[in-house]
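Q: Could you give me a close look at how the strands pair up here? I'm new to this, so please spell out the terms as you go.

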Amino acid sequence: MITHKREFPNHKVYSMTLAGRPLTLEVGKLAELANGAVLVRYGETTVLVTATASARPKAGIDYFPLAVDFEEKIYAVGRIPGGYLRREGRPSERGVLAARMIDRPMRPLFPSDLRNDVVITCTVLSVDHDNSPEIAAMIGASAAVCISDIPFSEKAGPIAAVSLGLKDGEYIINPTSKERQTSEMYCTIAATGEKIVMIEAGGNEIPEDVMFGGIIAAHEAIKPIVALINQMVADVGKPKFEYDKAPFNEELFNKLVETSLDEVRYAMDTDDKNVREERMNALIAKWIEQYGETYPEINDQLDEITYRIQKKVVKEWLLQGKRVDGRRMDEIRPLSAEVGLVPKVHGSGLFTRGQTQVLSIVTLGTVSDAQRLDTIYEEESKRFMHHYNFPSFSVGEARPSRSTSRREYGHGALAEKAIEPILPSLEDFPYTIRIVSEVLSSNGSTSQGSICGATLALMDAGVPIKAPVAGISCGLISDGDKWTTFIDIQGVEDFHGEMDFKVGGTKKGITAIQMDLKNDGLTYDIIKNALEITREARINILDNCMLPVIAEPRKELAPTAPKMIAMKINPDKIREVIGTGGKVIQKIVAETGAKIDIEDDGSIFIASMDIEACRAAQKTIENIIFEPEIGKLYYGKVVRTIPIGAFVELAPGKDGMIHISKLENRRVEKVEDVLKEGDMTWVKVTDIDDRGRVNLSRRDALREMKTKGQAE
């Protein structure tokens, strides 16, 4: 790098080795007007992370306004963006998921009453595919906030993250691109120095003890990164700014607890979400009438008051082993499953758990229907897609539909991750697969309902999955060292609880995990317990709900699904199949009506609603690429005779000649005494000369066939 000499007196570089590659964090040189800025280099992956905060709190809100942006710059991989504008547009789905993955472990560690806008921007400058830009960004986000003056949890300390792979029983920290291709799982673990704060995992039916061991191994790799960030804070960290805390009248709250706690308990004590809301609305109206004049701020603080008093009741009950709907801590809500609900589609499944209900629809398409990707990552296409929709009517609200939310992207990706390991390979099932999960009713764990509904729909569609998958969530409530977990959390438990530990998997093992927290992290004991009870629960769902409805995939695809044939040819023959200017393949398509996709490796996928059209196209292609083999027998038609022999068509456009001396085991005076034009005969290929001319023998073919017949 060449530059004019300039001093940056605050420039510092902090370095360590992470998984055998250099990790450096630079401060004091770039983006100095931000509250905090860190340039992260991991291998040749480079990410600039900035953290900024508004000077004043945002008025009229009752939440912490944190925004995380993961900026994918296509120049980072040496390409110009596609599309008409040739510039980056909205983030890709993976970019959205990366932003969510950074947000989730950090949000609980900010002060809950902070109302200043905080924006974390992760700009990906260069990508080395062996070193994840998401991991670099998450480490940088933690460092940037910690060295800034933005309030952040001093008790919990910085977070850091690594990715985790598994190969031949060995854990791999931050696997390279090549290692990821053969890894049995790929997880992202975030943690403080003491506790686990986020898990995002996908795996090929990983046993619970193996997953648990991997989480511990990842945490050990994270601790030195946390220590490095702590060193940065000690050296260059700014004092945290004072902020105006959200107003809250403790006197009013304590008075409501004293006078209304039994009424709140009554309102909450039901398994019906609508009944609970009706009771609470009546109680809130009573509070406003009684205390509105004395405490006029009650209207502005009502949401926070209601949240705190409900949380007090829910926490009290759960620590006593009681749930708002009367269930046991390990009890799943009533279950229901159906398949084949929707006509004309290729497969459908309806899954209901309590008041949570998801309808999943499967569509099968050709290979060319795969999603094309233009991102900073190696993947160029997606053959399997799961899309999740969460309309407002599912929670009884009247809001118009808008663009897909980040939450919808996240939940859809979680179910996609859970299902992908059990799908057949492209070679075994040459289809593009899209599943759409429509949430019809939501009272907790709709993403896990999507996993169940999607599995039902796949089996209804006749997709030969390796094993059925179910999903379930686990909650947590704690008070000091005392804690308890509970299975199948409903909405109110999710809202007031401290953890949503979502696990998808088969009977054999885990295919996906997503863990979200509202506290400062989990101990190993809590994680181990959550893995154990979610395993029991998903097996319960499979055995007692899903499999009695449809035990295995249907033997045949729906009549409305396209029929598909896959074949493989020598890549050198692709040119012959396509023809000059595409004339040959266009003719095949016109004559058969089939759709044909050809890959560079010689894979050919033929699709049509009529299987006979697929077979006709396949036969035509086989004829085009036909190459006779020396020593092999063929049954062909005599297309021409000459005085010294006969020409036999082995395949359309592919002839060979039988010399008159090789027609019979005796002397033949005239070719027509044995074969005439139009006759069918067996021949054996005896030689192919350097000009590609094929020499045949009828005599040798008949002799070989006779010998085989005698042997039999």
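A: Let's start with the word "pair": two strands pair if DSSP finds at least two bridges between them. Strands (E, at least two residues) and helices (H or I, at least four residues) are DSSP runs, numbered from the N terminus. As background, strands of a sheet pair through backbone hydrogen bonds, either parallel or antiparallel.

A quick word on what you're looking at. This is a predicted model, where local features need pLDDT of at least 70 and side-chain atom pairs count only at pLDDT 80 or more, while totals for chains, interfaces and linings use all residues. Residues are numbered from 1 along each chain as its sequence is written, and side-chain values use heavy atoms, with hydrogens and water left out.

The protein has 712 residues, and its secondary structure comes to 15 helices and 29 strands. That's a lot to take in, so let's go group by group.

Begin with S25, S28 and S29. Strand S25 (residues 633–642) runs antiparallel to strand S28 (residues 680–688), and five bridges join them. Lys-637 has Met-680 in S28 as its bridge partner. S28 also has strand S29 (residues 694–697) beside it in the antiparallel sense, joined by four bridges. In that pairing, Asp-687 sits opposite Asn-695 of S29. S28 and S29 make a hairpin with five residues between them, and in the turn Gly-692 has a positive phi of about 85 degrees.

Now for a sheet with eight strands. Its order is S8-S7-S9-S10-S21-S20-S18-S19, the sheet is open, and the pairing is antiparallel. What about its edges? Strand S8 (170–173) and strand S19 (482–487) stand there, and each has a single partner strand, so one side of each is left without a neighbour in the sheet. Going from one strand to the next, the twist averages 20 degrees. For angles like this, axes are lines fitted to C-alpha atoms (for helices, over the stretch in contact), and angles run from 0 to 180 degrees between N-to-C directions.

Strand S18 (residues 470–479) and strand S20 (residues 499–505) run antiparallel, with seven bridges joining them. Here you can find Cys-474 opposite Phe-501 of S20. Helix H9 (residues 446–461) packs on the sheet and touches S18 and S20, with a direction at about 160 degrees to that of S18. Helix H11 (residues 524–549) packs on the sheet too, touching strand S10 (196–206), S18, S19, S20 and strand S21 (510–517). The direction of H11 makes about 145 degrees with that of S18. By the way, contact means heavy atoms within 4.5 Å.

Strand S13 (residues 356–365) pairs with strand S17 (residues 432–441) in the antiparallel sense over nine bridges, and Thr-363 has Arg-434 in S17 as its bridge partner. Strand S16 (residues 384–389), by contrast, pairs with S17 in the parallel sense over six bridges. There, Phe-384 faces Ile-433 of S17.

S13 has another pairing to look at. Strand S12 (residues 347–353) runs antiparallel to S13, and seven bridges join them, with Gly-347 standing opposite Val-362 of S13.

Technical notes: Buried means under 20% relative accessible area, exposed over 50%, partly exposed in between (1.4 Å probe, protein chains only).
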